[in-house]
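Subject: Structure handover

Hello,

Please find the structure for your files below. My notes on it follow after that.

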Amino acid sequence: MSVVHQLSPGWLLDHLSFINNINYQVHQHHEPCCSRSEPSTSLHLDSMSSFGSSAKFIASDSTTKPENDDGGSCEVFIQQYIFRSELFDITKPYITSAVHKECQQNNENEDLMNGVKKEISISTLGKKRKRCAVFNQGELDAMEYHEKIRGLILDGSSQIIQEGLKSGFLHPLSEKRDKCNESIALPLDTCSLSELCEMAKHLPSLNEIELLTLQLVENDMSVTEQDLFSRIVENNSNFTKMITLMGQKYLVPPKSSFLLSDISCMHPLLNCKKTYDVIVMDPPWQNKSVKRSNRYSYLSPLQIKQIPVPKLAAPNCLVIIWVTNRQKHLRFVKEELYPLWSVEIVAEWHWLKINSTKMLLNFKKITNSGEFVFPLDSPHKKPYEGLILGRFQGKTALPLRNMLPIPDHKLIVSVPCTLHSHKPPLAGMFL
């Protein structure tokens, strides 16, 4: 389970534990041995062997056991992988509290909700520069929204974090002060799934063929990269399967499936004729940072509307969308997207991102303690993200009174992964 503590304001999650509890074991069978032998096992530990940018190999276990009535036997190698713990070792805030404190002092006694010009003093390398700014409507809306949820986040997080400190899951900042100063060298290789999806989009021949679901079979070395494009790939076994794409190895968890495709090619998913009780979406929203960096492609509102959620949703399906803090996107989901999909909004939750060296105990100064990855009142970046929860109201939908009630507001508190846009697991909150 990913849930460490459950309180009335929300949950404290352990994302790393959730990933490793999936039990990434790869079983490899070898050819039958020449003579029959009794079952035997051997264990080899290797804590340093790396696996891509996010996992590492920790142990191998080989077992020799009878294979058939002829007396032949086979050797099974079991390899165990875990996620790199250092990818969750966020020991410092992304913005230092000193810079934020300077901004707070200069913004004191200012009315943030008016549209008049105001002076903002920013300290840079000991020098101060002033600029005049007029808040546009989007910025004013963002300030109003922040003020509305600020108290909920501040009060709720203090309760959750205090419980984590009491149980020993979280540790005071002073206990890890030395570790905070150590820099962690992360591997340079990164996931190429976005490039693979882009390749799949430019394979028109596959769009014209109704490909059958591909079942990953043990020790099947004939599967090529093109076999995995634009089709449902399933691992129905009780063990992890390893596949190779563009020279990188990927672990497919047991009892799971995936579609490696661009969002414009979803017919393989529709052809399965399956519906789902829960649909979670994390669209690549458009923003200025993405435009400047060109790190990934974003979806326009029109493209998001074209995702066939009504065809994939079971009656009363719970639809969850991660949304950035931009009010334009929040209004789009609430006022346009969900009504178009016949989804009724039931709740709005927030994910609060904290450091892994957690926290001074003075929660009244919570935004200055380095606890959040960004200061709570930072005008640039917020330490929280929102998710909108709704129920699909199709023609066969059941009355909501028969469904598991969803609280209006909850906090999800966890240490974020350093890999871009990895969201915390939600399974523990609904099981």
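Predicted model: local features only at pLDDT ≥ 70, side-chain atom pairs only at ≥ 80, totals over all residues.

Residues are numbered from 1 along each chain as its sequence is written, and side-chain values use heavy atoms, with hydrogens and water left out.

Sheet

An open sheet is formed by 3 strands in the order β10-β11-β14, with mixed pairing. Helices (H or I, at least four residues) and strands (E, at least two) are DSSP runs, numbered from the N terminus; two strands pair if DSSP finds at least two bridges between them. β10 (214–215) and β14 (256–259) are at the edges and have a single partner strand each, so one side of each has no neighbour in the sheet.

Strand β11 (residues 232–235) runs antiparallel to β14 and is joined to it by 4 bridges. Within that pairing, Val 233 has Phe 258 as its bridge partner, and Asn 235 is opposite Ser 256. The pairing of β10 with β11 is parallel, over 2 bridges, and there Leu 214 stands opposite Val 233.

Ile 232 and Glu 234 point one way from β11, Val 233 and Asn 235 point the other way, and all are buried. Buried means under 20% relative accessible area, exposed over 50%, and partly exposed in between (1.4 Å probe, protein chains only).

Aromatic pairs

Rings of Phe, Tyr and Trp (its six-membered ring) pair if their centres lie within 6.5 Å; planes under 30 degrees apart count as stacked, over 60 as edge-to-face and the rest as tilted. By this rule there are 4 aromatic pairs. One of them is Phe 83 with Phe 88, a tilted pair at 5.8 Å centre to centre and 55 degrees between the planes. Phe 83 is buried at 10% relative accessibility, and Phe 88 is buried at 8%.

Trp 285 and Phe 332 form an edge-to-face pair, because their planes are at 80 degrees, with ring centres 6.2 Å apart. Trp 285 is in the loop between β15 (276–281) and α9 (288–293), and Phe 332 is in helix α12 (residues 327–340), so the pair ties together parts 47 residues apart in sequence. Trp 285 is buried at 5% relative accessible area, as is Phe 332 at 6%.

Charges over rings

A charge sits over a ring if NZ of Lys or CZ of Arg is within 6 Å of the ring centre and within 35 degrees of the ring normal. Lys 353 lies over the face of Trp 351, 5.1 Å from the ring centre. Lys 410 lies over the face of Trp 11, 5.6 Å from the ring centre.

Regards
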